[in-house]
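Biologist: Let us go through this chain together, one question at a time. Please put the structure up before we start.

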Amino acid sequence: TISMEEMAKLCHLSQSYFSKLFAKEMGETFNAYVTKLKLRHAKQMLQETDATISKIAEELSFSDDGYFIRVFKKYEGITPSVYRRHSPKL
């Protein structure tokens with residue numbers, strides 16, 4: 001996990017300017033972008049592995065599996081468990 005502060009430093013920009021520039025160029029906030037990347041990896045892990053929901057949440061640096069489940073459901077409309085049951089194994 002990389003923070004917006006770390007990314008701003010890597011780009012030699014203030015955190016505020018980096019945030020505004022990122023949103024302008026990408027069409028979404030840095031945090032939303034990182035969350036979507038994490039969820040893309042989560043979906044891949046749910047399809048390709050038998051890792052537990054807790055293990056996936058931990059590997060993707062979510063604070064706990066309950067938060068991971070809430071975020072996943074917010075973006076995907078279903079829980080990770082339901083997604084796993086209804087997705088073909090790759």
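Predicted model: local features only at pLDDT ≥ 70, side-chain atom pairs only at ≥ 80, totals over all residues.

Biologist: Is Leu13 buried, partly exposed or exposed?

Modeller: Its relative accessibility is 28%. Buried would need a value under 20% and exposed one over 50%. Leu13 therefore counts as partly exposed.

Biologist: Leaving aside neighbours within four places in sequence, which residues is Leu13 in contact with?

Modeller: Contact here needs heavy atoms within 4.5 Å. With the neighbours within four places set aside, the contacts of Leu13 are Ala8, Phe18 and Leu21.

Biologist: How far apart are the C-alpha atoms of Leu13 and Asp50?

Modeller: Along the chain, Leu13 and Asp50 are 37 residues apart.

Biologist: What pattern does the chain follow along the sequence?

Modeller: The chain has 6 helices and 0 strands. Read along the sequence, the pattern is α-α-α-α-α-α.

Biologist: How are helices H3 and H5 oriented to each other?

Modeller: H3 covers residues 30-48 and H5 residues 65-76, and their axes are 11 Å apart. The angle between them is about 95°. Angles of 65 to 115 degrees count as roughly perpendicular. That makes the orientation of H3 to H5 roughly perpendicular.

Biologist: By class, which residues make up the contact of H3 with H5?

Modeller: On the H3 side are Ala32, Thr35, Lys36, Leu39, Ala42, Lys43 and Leu46. They meet Phe68, Val71, Phe72, Tyr75 and Glu76 in H5. By class, the contact of H3 with H5 has 8 nonpolar, 1 polar and 3 charged residues.

Biologist: Glu76 and Lys43 meet in a salt bridge; which helices does the pair link?

Modeller: The side chains of Glu76 and Lys43 come to 3.5 Å, N to O. The two residues are 33 residues apart, in distant parts of the chain. Glu76 belongs to helix H5 and Lys43 to helix H3.

Biologist: Are Glu76 and Lys43 buried, partly exposed or exposed?

Modeller: Glu76 has a relative accessibility of 32%, so it counts as partly exposed. Lys43 has a relative accessible area of 22%, and Lys43 is also partly exposed.

Biologist: Glu28 forms a salt bridge with Lys36; how far apart are the closest N and O atoms?

Modeller: Lys36 is one of the H3 residues that meet H5. At 39% relative accessibility, Lys36 counts as partly exposed. A salt bridge needs nitrogen and oxygen within 4 Å. For Glu28 and Lys36 the closest N and O atoms are apart by 2.9 Å.

Biologist: Glu5 and Lys9 also meet in a salt bridge; how many residues apart are they?

Modeller: Their side chains come to 3.7 Å, N to O. Glu5, at 42% relative accessibility, counts as partly exposed, whereas Lys9, at 58%, counts as exposed. Both lie in helix H1 (residues 4-10), about one turn of the helix apart, a spacing of 4 residues.

Biologist: How many salt bridges does the structure hold?

Modeller: The pairs discussed include Glu5 with Lys9, Glu28 with Lys36 and Glu76 with Lys43. For the structure, the number of salt bridges is 4.

Definitions and conventions
Residues numbered from 1 in each chain as written. Heavy atoms only, no water. Axes fitted to C-alpha atoms, helices over the stretch in contact; angles between N-to-C directions. Parallel < 35°, antiparallel > 145°, perpendicular 65-115°, else oblique. Nonpolar A, V, L, I, M, F, W, Y, C, P; charged D, E, K, R; others polar. Buried < 20%, exposed > 50% of the residue type's maximum accessible area, 1.4 Å probe, protein only.
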